[in-house]
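Reader: I am new to reading protein models and would like to go through one with you. Could you guide me from one part to the next?
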Amino acid sequence: MDARVAPLLEIKGLKTYFNTDEGQVQAVDGVDISIGSGETLCVVGESGSGKTVTAMSVLKLIAMPPGRIAGGQILWRGRDLVPLGSSEMNKIRASEIAIVFQEPMTSLNPVYTVGDQIAEVIRLHQGLSKKAAMDRAAEMLALVQIPNPKARVNDYPHHFSGGMRQRVMIAMALSCNPKLLIADEPTTALDVTIQAQILDLLLDMKERLGMSIMLITHAMGVVAEVAQRVVVMYAGRVAEEAPVDRLFANPRHPYTQGLIRSIPRIDLAAVKKSRLESIPGSVPKLVNPPEGCRFASRCRFAIPDCRIAQPPLREIEPGHKVACIRAEETLL
Amino acid sequence: MGNYLLRRLIVAVPSLLGISLILFVLLALAPGDPFGELASNPNIPPEVREALRVKFGMDDPIMVRYVRWLVAMIHGDWGFSFASRVNVDTLILQRIPATLYVVGTAQLLALIVAIPVGVLAARRPYSIFDQIANTFAFIGFSLPTFFTGLLLILIFSVNLGWLPFVYRADIQATGWMWWWENFKQAVMPVTVLGLYQAASYTRYVRSAVLDVIKLDYVTTARSKGLDESKVIVKHVVRNALIPVVTLVALQMPTVFGGAIVTEQIFRIPGIGSLLISAILANDTPVIMAVTFVFACLVVLFNLIADILYGWLDPRISFR
């Protein structure tokens, strides 16, 4: 794992909690994720697994209050971001770490032209003149394959379709040459053909600009297509981490196994008539979560020991880590 | 844009006609008679009174009188005040600057107070600043202007003697003194009216900002590395002002209605006090004209609000 040599971003034991009327929600509870230069890392998990909160914590875009980073470190090129003040964070946002959100329809400000919105970030971090920033914005639109970019910079977001808006968001995120792009379910709100285009675009941009991508998704199909390494999250913790081929070939956490079995398989559907498997139960509430393994209540391998202590994330083969005490016995 | 304006003005015509018809009929049906005074005056013989009524067409059917009023109005003849024996348009033109000055400054004051306070309160909801702002807002719109007006007069005019409590349109001073006197006499009415409006506007601004601040594009703005103040001013306030513009425009009739009361308290010689004295004197041509002017002002402010919309929100186009 060359990524291990010099991680670009290293999240260590991150805990992000939210205070709500019902109590403290432990949305992210001790997450370790690292990502190397030029790497594509996928973070997968169902809704409420803490993947978006992890991403938002890296840029400290969590609303505080009610949220707070209760513990851990976020090492960006060796420097911890957790104690940084807002002005220091603002120098890193967009210029070093950029983010693309899930909802292209609502992520652009409706009252400014897309050119203004892209130029705003360019002017902020690169100090270009208004004119030069607008030209650069048009170049960025061209880069993300928006036709007629010179004219379209003057259009408002409502003149663009969802897929085109997501291209605009990507252009905006990449306009300051960030070293890491966090893409938070960038294709979830789009229809399937557009999804493929946007994923291709992201990978193409990565090739050209040489950045790392942390792609958050809940779709295993997307993972299989784009990831180099995968982190599976469940209920605010990392369940399993492995290179993508190892993960699909030899998933060891019962939750990962469940996720992989729940992928619709067009090749198998033709030969054997079987129902698509699902994982019984639902994600536990993260207010006073159960002791021990949080997946235990849905796990068919669970034994009493699982409910006693939180299973540590341990390396069972190089680069393959699992947070399951019975990982050796869970072979499919 | 020009086309849009023209079309909006044309659309305003039927609504103004409707308003004037309703006003006219209501006034005609209302008890009271501008010639009531003549009737009780023993020096005027009944024949003369009858002749006057015929001359002014007082006994014609309502519709005939309305059409006669409308035609005269279109020709620029706003009628003749029975009470002050002056042309109505002269009377209104004399009175309207004071009203526009006081109401306009009060609106400006209201917005200058309400926008920053509302935004700051929404920035940290339920913080101490927010609680204080809310408390003052509730007090502000719970206290009627006739109460706060009298209170201010009591404190600043009667007890302290700092400010005049009668508003005069005929200040004798010249140059800077004129401005100073004008400022001094406007302080209390503008404060009373302005803060009363500011109280409700603050609540509008606060809730509008609270709605906008949690939207995705505000997070996008933060993710760009913009300063929080820039995020608020550029990406939150402008969007939050869109609903506020509607509410301010809808408030206009209330504002002018409230101005009538305020003008009465501070003896401002504006069209509000003209309306009151005209009603007391059964001076129908003046009542008719003043209420019609109010209607025109309300229609005008709605038009201004629609133009502001288009400027604030590019999704609204002037077609």
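Predicted model: local features only at pLDDT ≥ 70, side-chain atom pairs only at ≥ 80, totals over all residues.

Author: Where would you like to begin?

Reader: With the sheet of eight strands, please. What is the order of its strands in chain A?

Author: The order is S6-S7-S8-S3-S9-S10-S12-S11 in chain A, and this open sheet has mixed pairing. At its edges are strand S6 (97-100) and strand S11 (314-317) of chain A, each of which pairs on one side only. From one strand to the next, the twist averages 20°.

Reader: Which helix packs on that sheet?

Author: Helix H6 of chain A, residues 162-174, packs there and touches S6 and strand S7 (180-184) of chain A. The direction of H6(A) makes about 175° with that of S6(A).

Reader: Let us move to S9(A). Is this strand largely enclosed or left open?

Author: Strand S9 of chain A, residues 229-234, is largely enclosed by the rest of the structure, because six of its six residues are buried.

Reader: Which residues lie on each of its faces?

Author: Arg229(A), Val231(A) and Met233(A) lie on one side of S9(A), while Val230(A), Val232(A) and Tyr234(A) lie on the other.

Reader: In which sense does S9(A) pair with S3(A), and in which with S10(A)?

Author: With strand S3 (residues 40-44) of chain A, the pairing of S9(A) is parallel, over four bridges. Cys42(A) has Val230(A) of S9(A) as its bridge partner. With strand S10 (residues 237-243) of chain A, the pairing is antiparallel, over six bridges. There, Val232(A) stands opposite Glu240(A) of S10(A).

Reader: How many residues are between the strands in the hairpin of S9(A) and S10(A)?

Author: There are two residues between the strands, and Ala235(A) in this hairpin takes a positive phi near 50°.

Reader: I also noticed Met214(A). In which strand is it found?

Author: Met214(A) belongs to strand S8 of chain A, residues 212-217.

Reader: Why does Met214(A) count as buried?

Author: A residue counts as buried if 20 or more other C-beta atoms lie within 10 Å of its own. Met214(A) has 26 other C-beta atoms within 10 Å, so it is buried.

Reader: Which residues is Met214(A) in contact with, leaving aside its neighbours within four places in sequence?

Author: Its contacts are Ile35(A), Leu41(A), Val43(A), Ala55(A), Leu180(A) and Ile182(A). As for His158(A), it is 56 residues from Met214(A) in sequence and 28 Å from it in space, C-alpha to C-alpha.

Reader: What about the sheet of four strands?

Author: That open sheet of chain A has the order S2-S1-S4-S5, with antiparallel pairing. Strand S2 (23-36) and strand S5 (79-80) of chain A each have a single partner strand, so one side of each is left without a neighbour in the sheet. Two bridges join S5(A) to strand S4 (residues 67-76) of chain A, and in this pair Leu75(A) has Asp80(A) as its bridge partner.

Reader: Now to chain B. How do H7(B) and H10(B) pack?

Author: Helix H7 of chain B, residues 145-159, packs against H10(B) at an angle of about 25°, and their axes are 9 Å apart. That angle makes the two helices roughly parallel, and H7(B) passes H10(B) in a right-handed crossing.

Reader: Which residues meet there?

Author: From H7(B), Thr145(B), Phe146(B), Gly149(B) and Leu150(B) take part; they meet Gly258(B), Val261(B), Thr262(B), Ile265(B) and Phe266(B) of H10(B). The residues of this contact divide into five nonpolar, four polar and no charged.

Reader: How many residues of H3(B) are buried?

Author: The count is zero among the ten residues of helix H3 (residues 46-55) of chain B, so to speak a hardly covered helix. Just after H3(B), Gly57(B) takes a positive phi of about 65°.

Reader: Finally, how many residues of chain B are in contact with chain A?

Author: In chain B, 20 residues are in contact with 23 residues of chain A. Helix H9 (216-223) and helix H10 (228-266) of chain B each give two or more residues to this side, and the largest share, seven residues, comes from H9(B). By type, the side of chain B that touches chain A has six nonpolar, six polar and eight charged residues.

Notes. Residues numbered from 1 in each chain as written. Chains lettered and ligands numbered in written order. Contact = placed C-beta atoms within 7 Å. Nonpolar A, V, L, I, M, F, W, Y, C, P; charged D, E, K, R; others polar. Pairing = 2+ DSSP bridges. Axes fitted to C-alpha atoms, helices over the stretch in contact; angles between N-to-C directions. Buried ≥ 20, exposed ≤ 12 C-beta atoms within 10 Å, placed from the backbone. Parallel < 35°, antiparallel > 145°, perpendicular 65-115°, else oblique. Left-handed = near helix turned anticlockwise from the far one by under 90°.
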